[in-house]
Amino acid sequence: MPKNKFIMVDGLDGSGKGKAIEALRELAHSRKLKTFDLKTYWKDYDTIPTLQDIGDAEVIISAEPTYALVGRGIREEIIRDNKREYSAQSTAFAFSLDREILYRRLIIPALKAGKIVIQERGIITSIVYQPVQGNISLNEIINLPGNRLALQHAPGLVIIPRLTPKTAMQRLKQREKKDNAIFENLPFQEKIKERFESEWLQTLLKNNGSKVEYIDNEHTSVDEFKSKVAEVVAAFLKF
Amino acid sequence: MDGKFFMVEGIDGSGKSAAINAIKDFAVSKSLKVLDLRAYCEQKNNFPDEDEIDEHDVIFTSEPSYSFVGKAIRNELLVDETSYPALTIAHAFALDREILYKKVVLPALRLGKNVVQERGFASTMVYQPVQDKIPLPEIMALPGNKLASQNPPDLLLILKTNPDEAVSRLNSRFSQKYSLFDNLLFQRKIEERYSSLWLRGYFEKLGTKVYSFETSSPVTVEQNRKNALRLFQNMIGNSVKSKDKQTQL
């Protein structure tokens, strides 16, 4: 029995997280499951919905940072390439706080109610990126209140697309939308890839009840990648 | 020349809004351009850019703010239905402060604007060690709090009031429902900390001029307004830089 129906997709920028989420949305639709997309909700509301707001949807599609309250502060101010600098510590606090509100208001109640939650990025992103980004230790990060909470409610399944940072960067360049995030350069991404695939990360996740699946997205077509993701998740959910 | 930074503190119901409104009314009566950050945030759901700040003469801010983290503090972290850990709340206040200072307060002061703020890191020093049992040094070491202590107000006005009177005043105010803090014993303890020598000493060491005025009866709202305005006028001297002209006060 998996510990919950919580699937987290994480990985490098340009690694195919969006495509993986798309595959899972299609999987839900093919099973006639009703989805609730937080990104769509956040276009109209600057808040985190509660379980009540989700209504009878069986699948919640979530993302971090959120686009509401603290998450908007992260996206529009803290990680923006503006002339104001925020330390690694402040940035880590912000992500943890955004996470804590998201989990307390929605994710934890939803998992308890047996909902399927699919989330792009989250606690793993903080663990992988933040100690590299600046002067903060892994230990300090995992002990922040929001991060502790997220590890207690770690996803049953973690999906990490596997590819070279070079390919990921090339795919990023082809995109219309520019995030203007401060992380997007090749040496940094090399370091990040190594961390995503490290033994210690796998052990940490395993100890918190997560199963980790790396899915090749280097030597594969988009459709092959998507159907592999759907297959792994269908097996996890016992569809 | 840098603008002046005026901060107003005191327990809930001590008359902070009245004091600040007196300064606001005065600025408006002198045709100064007033930026009310709360109204701005509620309308735009964001903080103003430097260009927008520069179009104004006096900036009115408050903590928690009304965007991003400040909005989360007001709408989620401090509402009755939730119980977030103390550390989370301390981080949130410090983070809100850091964004507010970096995005609004410090640029405004650099642009020569006068900033009038309701509550700030004095509130953190007074409330959080009581409410959350986090040691003060730990709180003050948080990045947003360090930043605030490096950029202290020129003038700190502490409004002192009888906690019993303040609490009964608050009971007739329906919009205060969100506050965790409105109970008498708590307010008495807080009032004591606001009156303490260590708080005054802390700010005086940073170069802040500290004033504390009584606002309980028989002091009237009108007198509170006059006192606050007089301090503000003394602080900014006999003229203030307006975008268009030198306005004689």
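User: What joins strand E3 (residues 59-63) of chain A to strand E4 (residues 116-120) of chain A, and what makes two such strands a pair?

Analyst: In this predicted model, five bridges join E3(A) to E4(A), and the two strands run parallel.

User: What is the order of the strands in the open sheet of chain A, and which are called edge strands?

Analyst: The six strands follow the order E2-E3-E4-E1-E5-E6 in chain A, with parallel pairing. Strand E2 (35-37) and strand E6 (211-216) of chain A are the edge strands, for each pairs on one side only. From one strand to the next, the twist averages 20 degrees.

User: Which strands of chain A does helix H5 (residues 88-112) lie across?

Analyst: Helix H5 of chain A lies across strand E1 (6-9), E3 and E4 of chain A. Its direction is at about 145 degrees to E4(A).

User: How do you know that the size of chain A agrees with that of a compact globule?

Analyst: A compact globule with 239 residues would have a radius of gyration near 18 Å, and chain A has 17 Å, so the value agrees with the rule. Along the principal axes, the C-alpha trace of chain A spans about 45 × 40 × 35 Å. Of its 239 residues, 46% count as buried. Among the contacts in chain A with a separation of 6 or more, 78% are between residues 24 or more positions apart.

User: Why is A:Gln170 called exposed?

Analyst: A:Gln170 has 11 other C-beta atoms within 10 Å. The limit for an exposed residue is 12 or fewer, therefore A:Gln170 falls in the exposed class. This residue lies in helix H9 (residues 165-173) of chain A. A:Gln170 and A:Gly14 are 156 residues apart in sequence, yet 8.0 Å apart in space from C-alpha to C-alpha.

User: What is the order of the strands in the open sheet of chain B, and why is one side of E2 and of E6 left without a neighbour?

Analyst: Six strands of chain B form an open sheet in the order E2-E3-E4-E1-E5-E6, and their pairing is parallel. Strand E2 (34-36) and strand E6 (209-214) of chain B stand at the edges with a single partner strand each, so one side of each has no neighbour in the sheet. The twist in this sheet averages 20 degrees from one strand to the next.

User: How many bridges link E1(B) to E5(B), and how many link E5(B) to E6(B)?

Analyst: E1(B) and E5(B) run parallel and are joined by five bridges, with B:Leu159 in E5(B) as the bridge partner of B:Gly10. E5(B) and E6(B) pair in the parallel sense over six bridges, and B:Lys209 in E6(B) is the bridge partner of B:Leu155.

User: What makes strand E5 (residues 155-160) of chain B mostly covered?

Analyst: Five of the six residues of E5(B) are buried. To be called buried, a residue must have 20 or more other C-beta atoms within 10 Å of its own.

User: Which residues touch the most other members of the largest nonpolar core, and what does A:Val70 touch?

Analyst: The largest nonpolar core has 130 residues, and those that touch the most other members are A:Ile7, A:Leu24, A:Val70, A:Ile159, B:Ile59 and B:Ala92. Leaving aside residues up to four places away in sequence, A:Val70 touches A:Ala94, A:Leu97, A:Asp98 and A:Ile101, together with B:Phe68, B:Val69 and B:Ala72. In soluble globular proteins, nonpolar side chains tend to be buried together.

Conventions:
Residues numbered from 1 in each chain as written. Chains lettered and ligands numbered in written order. Predicted model: local features only at pLDDT ≥ 70, side-chain atom pairs only at ≥ 80, totals over all residues. Pairing = 2+ DSSP bridges. Helix = DSSP H or I, 4+ residues; strand = E, 2+ residues; numbered from the N terminus. Axes fitted to C-alpha atoms, helices over the stretch in contact; angles between N-to-C directions. Rg over C-alpha atoms; globule rule 2.2 N^0.38 Å. Contact = placed C-beta atoms within 7 Å. Core = buried A, V, L, I, M, F, W, Y, C linked by C-beta atoms within 7 Å.
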